[in-house]
There are 4 protein chains.
Amino acid sequence: MTGGLMVPLSGQSQSAGQDQFQLINGNTVDLSEIINLFDFEKMAEGKMPKMAFEYVASGAADEFTVRWNRQALDAIKLNPNVLNDVSKLDTSVTLFGHKLPYPILVAPTAFHKIMHPEGELATARGASKAEAIYVVSSFTTTPLEEIKKVATEPFWFQLYVRDDKEFTKNLVQKAEELGCRALCITVDTPVGGARDRQARVNFKLPDGINAPYRIGESLSITWKEMEWLISFAKVPVLLKGILHPDDADKAIEIGASGIIVSNHSGRNLDTVPATIEVLPRIVERVNKRIPILMDGGIRRGTDVLKAIALGANAVLVGKPICFGLASGGAEGVTKTLEILRAEFEMAMALTGRATIASIDQSLIWK
Amino acid sequence: MTGGLMVPLSGQSQSAGQDQFQLINGNTVDLSEIINLFDFEKMAEGKMPKMAFEYVASGAADEFTVRWNRQALDAIKLNPNVLNDVSKLDTSVTLFGHKLPYPILVAPTAFHKIMHPEGELATARGASKAEAIYVVSSFTTTPLEEIKKVATEPFWFQLYVRDDKEFTKNLVQKAEELGCRALCITVDTPVGGARDRQARVNFKLPDGINAPYRIGESLSITWKEMEWLISFAKVPVLLKGILHPDDADKAIEIGASGIIVSNHSGRNLDTVPATIEVLPRIVERVNKRIPILMDGGIRRGTDVLKAIALGANAVLVGKPICFGLASGGAEGVTKTLEILRAEFEMAMALTGRATIASIDQSLIWK
Amino acid sequence: MTGGLMVPLSGQSQSAGQDQFQLINGNTVDLSEIINLFDFEKMAEGKMPKMAFEYVASGAADEFTVRWNRQALDAIKLNPNVLNDVSKLDTSVTLFGHKLPYPILVAPTAFHKIMHPEGELATARGASKAEAIYVVSSFTTTPLEEIKKVATEPFWFQLYVRDDKEFTKNLVQKAEELGCRALCITVDTPVGGARDRQARVNFKLPDGINAPYRIGESLSITWKEMEWLISFAKVPVLLKGILHPDDADKAIEIGASGIIVSNHSGRNLDTVPATIEVLPRIVERVNKRIPILMDGGIRRGTDVLKAIALGANAVLVGKPICFGLASGGAEGVTKTLEILRAEFEMAMALTGRATIASIDQSLIWK
Amino acid sequence: MTGGLMVPLSGQSQSAGQDQFQLINGNTVDLSEIINLFDFEKMAEGKMPKMAFEYVASGAADEFTVRWNRQALDAIKLNPNVLNDVSKLDTSVTLFGHKLPYPILVAPTAFHKIMHPEGELATARGASKAEAIYVVSSFTTTPLEEIKKVATEPFWFQLYVRDDKEFTKNLVQKAEELGCRALCITVDTPVGGARDRQARVNFKLPDGINAPYRIGESLSITWKEMEWLISFAKVPVLLKGILHPDDADKAIEIGASGIIVSNHSGRNLDTVPATIEVLPRIVERVNKRIPILMDGGIRRGTDVLKAIALGANAVLVGKPICFGLASGGAEGVTKTLEILRAEFEMAMALTGRATIASIDQSLIWK
């Protein structure tokens, strides 16, 4: 992308017509009061059934990591330059040979039909309209075949490796056949975490909503199973959930194409550090051998800027997409991404950075 | 213990039948809404007389140490590994030749009959069912002989050394004769602390509840008296209340078999550090010469993991047991321990640690 | 200025007659309950239309920088001396050959007619009465010619460099012809920030209020345009919005006469550091080659003292002037400055500093 | 003092008869619910006229230093030893040849008749009963001659040096003739501070209450005037309000017998550091040449312990005495001191310190 701000700046983007859309059931949703991503969370809380909201919004145990993800991003101070030429911003990045207009992906999150009747189809349409890659969760409530039909931008696929190898292999091959461009294997969940808030609402999928690729947990997944999967995968494989530099090393050794620094948004193990705090050590160890993505707490354009300045190639956003989806279906997803993109562009302009390559550690106040 | 999670994970453990039980007076208690140990505190506050609750819940003076015990545990960040084989967890530890299925003991706490009509008998039954050692307080409101009858797991005994040496010696010998496996001598209480909240409710034992081994305080207890007691004790003697490395050294010199790093849960001297903050210095000085236990603020499985990672051989929990007892008698005690045990197992699995021996300082984010 | 406190100390300054004045519309305003600058903010919030208050009070995004500006000033501790002779305070400083009785200027802020019907005329009168330089914003709602008529003290002029060079040059020359003593070029705003609170109230200028020198934003302003402007300016040019030592260097290289360390009061890019945190690095790099001014969060006399101790030659106050103006027109502006001046004098006396030159880093507790 | 706890421990000290006393006006005051010094503040707030309460309770400006005084004390962690012999505590200290049973003095505070009808007479009686030295303020509302009549323990006198040298000299000589054992010269108040809360209630002495030795402020007091006063004083002279090591040096050079590390309880200059934070630097510089006292935020026995551990020879308490006085006259003053003394003794016992000399820096957790 070249040539100035591609999307309207937040607070200046609303025209009433553009922000109203028809829901399946005929109701009209008005997103004109949405100024930032936090607004979507508040709106979603009012619209979603409590069980669904608790599922999306909650983290493990006392939710320290959930808060730390945000607090650590907020606490990072920027060190801007002025009077650089930022009249032509280029926010594009290239990942595994594919050029993204801006470095933000839709993170894999489960069960979209509990958030919005159109479920993953709305997410796919909304992400595509915003020119973003959608990483479909293996806990999707919509079959991949249907998602593929509506996605006009590339999609990736996330999965867990299960004891049932046959099932796992079939699922990978189906995703590849449907055009999935990369696979994200979640490696941080040998067991579920202490999901107290989910337990408190007795979370379960409502009748009539199914997750076709969801199978039981497994305790015996190790590096060996990752090697096995990488051995037959035809697309780049990223390991999602790496927090330890040693594990980043091992990922590279077994042939992973990328890693995603993630603490599962604080949903699995409470009191692991914020991902933005972990990122620099991983970046140092990986030393540009493979791309590094990061998720966890991204809510502001400045958060994206900070993650990139500290070495991420791109970021993923999960909960905000869910809240956008719950608030306004595909339009909500699009608007979530557009706000974040516009804020990111503002942050680049206001720090004197015209390209992604110019965003480095010198931008962080020390 | 070998072979996966022995107890159901929190939030997945409740079956209505299992969580309901008959109280002595015929009332039925429903613990199915208890998800974590904090829930027990809230439930107990609603059930206990104010005087009893204040006795259990309060600390000295402004309760800084009470809060610091928790805050310091919460603030420690974990540095997990992924894709290790955690399909077979072994959480067992051996203390003084006895193998514990998991490294959590019931700390000595006073006056259980003010918390629940069944008092220490319920505690003993509940702890035994959860396979945990119960350290009986010398301020028990139930004679040791009765406790011994219901305890199917080993018990230890805590006492103060008093001016009345004859009394002290007799009490030790009685405990030993009844099968007590170890003695914990509390060394941090030459005088009571500024227990303002207890003073405010004018705490005293209700009529009809007696503490048979409770005698007046003493100011003249020194290392010499400890040596004397160790000289005739037939079971391992642990000194409870050590916070200074020099005192840990002295304890070893006079023949103590173990020490318990404890600040009396912040009930004696306010503004002493959190025990988890003190632990590493004691561990360094003791250098594996004798086992080190720790109490103070343990509420989450991750807390247990952190204490062990920083060098504790096991931890004790006090107030949570009291709140479990007050909430649901023996069942409440059992559930308290089971939740903590299950969370600890989850924390091991989610950090890639399959054995206690593999839990070391590398697990702490620095 | 020599000879003791020139203005009455806060809390001792009110005589009813002096603090009441006539507004244009005939209402009488009573400022006798105003003790400090925070009182003006509260009073202004009660008097201003919500849109105007939000415009003045708000910062960008989550307003971290807005809060940090204050918190960083508050957190700096003073290291006072006693028993120095402070019977004759001299608070004067000289900037570009002009002697100011005390080192506080009125920062450029936009749209004064939305705050008070007399707009910039009241500001000019109020600042003049308090012997302070008024830096008129190029977003003034009153023509410079009229401001000049009422200002009995010197004024400066702030502007943005725009794509329309002719317009820019004409504006500079008009300001110079009207007697403007210095120009402040704002360099930190290539685009607007994420002004969420302004977006939420849909901020725009009310009918009947115009900003005659306000023209559209520009993205192509660089060091080259600054050089161009300096080449023809006849008065000292200060660059406002410098946060990076490298940019301070460049400013000197292209011939700037001074710089203003500013983060636009946290209105443009959230999570840039507090200006008082940035100041010492700029001071070190500039090394007295040109004067350094600072704005951002100044509310107390001790704040002025701290900024000067850390190397600022003078400070500017913006929002407090707006709140003073909204609360009491010219009198409110005067009282705002007088309170700050009196507090500054108290702070000098109480730290044992009789002159501005004696205020240095030794006054900061480390 | 030798031989165990001399005063009953807090929370165990109340017998109804002892805690009730007759006020001048015949009302009975019940102090039995007072457990700690904070209780007195709450009780006093309910009893005092707002103007008087604001006078006592308030600090300068935003009261950062007021809060820091407490926070810094609270944040210091203790490093206790166990099993030392603390059966015989000796809390006595010797200051200028006079032995105090415990190291706590009554700080000079102004205008006691606005707090209680008996004013300084009640303070003197209450302090004497508690065996504490009372430092009478030169802003006393009771003549020294009357105070002398009721004080059965020694008293000291605080004063400001004024332009009127004759007046100052006469006041010193009167104090000496009446038996004053030491003089405290306040050196931190060349002008008053930004006492916003006092301004807000328009503080002034009520009709019928006079401060006979109060004369106007002065700006011209320097080291020279201190030398002059020391030259004719017959008793030890302490300088009160020293925060800078250089000023401690100068105080010794001109012959001061002691210094009081004080920030005027945060009433003069906001954002000076907590006195307990300043203390170690002063202690290091003074290097035992003269005694060092400290005031500022002492509310707990552990605070006294910390100040002594960091090098103070004794501490003074001001506001707590005022609140005790307002709550219960002489009895309130006595009880305030007794609670603090008892807590201090508990803190010594619980840290294993039997004498003041054994309280040193090793007691502070680092």
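Reader: How many residue pairs are in polar contact between chain C and chain A?

Author: The count is 14 residue pairs, both residues at pLDDT 80 or more. A polar contact is a pair of N or O atoms within 3.5 Å; within protein, one must be able to donate a hydrogen and the other to accept it, and residues adjacent in sequence count only if both atoms are side-chain atoms. This is a predicted model, in which local features need pLDDT of at least 70 and side-chain atom pairs count only at pLDDT 80 or more, while totals for chains, interfaces and linings use all residues. Residues are numbered from 1 along each chain as its sequence is written, chains are lettered from A and ligands numbered from 1 in the order in which they are written, and side-chain values use heavy atoms, with hydrogens and water left out.

Reader: What is the area buried between chain C and chain A?

Author: The size of an interface is often given as the accessible area lost when the parts come together. Here the area is about 2900 Å², with carbon and sulfur atoms giving 60%; the loss is taken with a 1.4 Å probe and summed over both parts. In contact terms (heavy atoms within 4.5 Å), 36 residues of chain C meet 33 residues of chain A.

Reader: How many salt bridges does the rule find across the interface of chain C and chain A?

Author: Side chains of opposite charge can pair when their charged atoms come close. The rule (a side-chain nitrogen of Lys or Arg within 4 Å of a carboxyl oxygen of Asp or Glu) finds four between chain C and chain A. One of them joins A:R300 to C:D62, with the closest N and O atoms 2.7 Å apart. Over all chains the structure holds 68. Within chain A, A:K42 pairs with A:D39 at 3.7 Å; these two residues are about one helical turn apart, because they stand three residues from each other in helix 1 (residues 37–47) of chain A.

Reader: What does chain B bury with chain A?

Author: Chain B and chain A bury about 2900 Å², 60% of it on carbon and sulfur atoms. On the chain B side, B:L83, B:L350 and B:W365 lose the most area to chain A, together 27% of what that side buries. Four salt bridges cross this interface, including that of A:D62 with B:R300 at 2.8 Å, N to O. Chain B and chain C do not touch, their nearest C-alpha atoms being 23 Å apart.

Reader: At what angle do helix 3 and helix 13 of chain B cross?

Author: Two packed helices are described by the angle between their axes and the distance between the axes. In chain B, the axes of helix 3 (residues 50–57) and helix 13 (residues 319–351) come within 10 Å and cross at roughly 160°. Therefore helix 3 of chain B is roughly antiparallel to helix 13 of chain B. The contact is made by B:F53, B:V56 and B:A57 of helix 3 and by B:K319, B:C322 and B:F323 of helix 13. Axes are lines fitted to C-alpha atoms, for helices over the stretch in contact, and angles run from 0 to 180 degrees between N-to-C directions; under 35 degrees counts as roughly parallel, over 145 as roughly antiparallel, 65 to 115 as roughly perpendicular and the rest as oblique.

Methods: Buried area = accessible area lost by both parts, 1.4 Å probe. Helix = DSSP H or I, 4+ residues; strand = E, 2+ residues; numbered from the N terminus.
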